[in-house]
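I opened a notebook on this model today. I want to look up its pockets first, then its aromatic rings.

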Amino acid sequence: MSGAAWPAPAKLNLFLHVVGRRADGYHDIQTVFQLVDLCDSLYFEPRPDRLIRRVEGPAGVPEAEDLCLRAACLLQDVAGLQAGIDIRLIKRIPLQGGLGGGSSDAATTLVALNEVWGAGLGIAELVRLGRELGADVPLFVHGNSAWGEGVGDRLTPIDLPQRHFAIVHPGVGVRTAEIFQAFELTRNSPRTTIRGFLKAGGGNDCEPVVVGQNPEVARALAWLAARGGARLTGTGSCVFAPFDTPGDAEAALAGLPAGWTGYVASGLDRSPLQERLAAERSSHDGVRV
């Protein structure tokens, strides 16, 4: 593949409250999305035909369920393009971990191919397409850490204190749909505000359900909690704890049990995808000059 990689960053949910259930079966939430510098990498090679191919991608994900392919096909169709693409995805963000990797990959595909193909769609249209692919995709299209409401797609950019995170993936995945369908899930947490969160924080309403259904996640949460204020991110299997320095986060992962994976990640207010997009546009401007 030619050209530099396009990054797809992970996110953490610093808190997650389920504040209601909608008539369509989805849930209203309040959350804070913290972008972090743990990233997947995507490479795109234009084709002379209309084929959209995955030449490298996550093992165990059928092409029909690959959000990158779905995003590329959706953009191609909506923009009426005759161009094709080969997509290579290098995965670092674990699947079904609550880190938003699939949604981020889809957002990066939309943003990158809009530029590579010259589709000319604006941010509002890309966000609309993102909503068709998943509730978290608009977050990554916008590219800022954010306060999220609705199904997580009503976003307000937020600047957060600089923190570094120890993240543990306990070697299992958790499906979001199963957690939101659980009878025991709390669905009536009181609403809060950005100011309220910054003052008092918040918990994750999905954590008791995930822990109750997945003993290995419970074990990981207890293990990391002994080293910092650990909690679950999103509805996945990853747990995290914040620290003041990368060294502190690294030290918290010492002695990680076999079969688990640890990551040290720094919080970001702005996605590296936006920097990559700016670099791409700058290079095009240089060619035109």
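I work on a 1 Å grid over the protein atoms alone: a pocket is an open set of points where a 1.4 Å probe fits, with protein on both sides within 12 Å along at least five of seven lines. Lining residues have an atom within 4 Å of a point. Grid points are joined across faces, edges and corners, and a volume is the space filled by probe spheres set on the points.

The model is predicted: local features need pLDDT of at least 70, side-chain atom pairs count only at pLDDT 80 or more, and totals for chains, interfaces and linings use all residues. Residues are numbered from 1 along each chain as its sequence is written, and side-chain values use heavy atoms, with hydrogens and water left out.

I looked up the second largest pocket and found about 340 Å³ of space in it. Its lining has 14 residues; Leu-14, Arg-163, Phe-197, Arg-231 and Pro-242 lie nearest the centre. Helix H6 (194-200) and strand E9 (239-243) each give two or more of the lining residues. I take helices (H or I, at least four residues) and strands (E, at least two) as DSSP runs, numbered from the N terminus.

By class, this lining has eight nonpolar, four polar and two charged residues. I count Ala, Val, Leu, Ile, Met, Phe, Trp, Tyr, Cys and Pro as nonpolar, Asp, Glu, Lys and Arg as charged, and the others, Gly among them, as polar.

Next I took the largest pocket, with a volume of about 1,700 Å³. It is lined by 50 residues, and Ser-103, Gly-134, Ala-135, Asp-136 and Thr-176 are the closest to its centre. I sorted the lining into 20 nonpolar, 17 polar and 13 charged residues.

**Rings**

I pair rings of Phe, Tyr and Trp (its six-membered ring) if their centres lie within 6.5 Å; planes under 30 degrees apart count as stacked, over 60 as edge-to-face and the rest as tilted. I count four aromatic pairs. Phe-15 and Trp-147 are tilted, because their centres are 5.7 Å apart and their planes at 35°. Phe-15 is in strand E1 and Trp-147 in strand E5 (residues 146-149), 132 residues apart.

Phe-15 and Phe-197 are stacked, with 5.1 Å between centres and 20° between planes. I noted that these two lie 182 residues apart in the chain. Ring pairs link Phe-15, Trp-147 and Phe-197 into a cluster.

Is Trp-147 buried or exposed? It is buried (under 20% relative accessible area, with a 1.4 Å probe and protein chains only; exposed is over 50%, partly exposed in between), at 3%. Phe-15 is buried too, at 0%.
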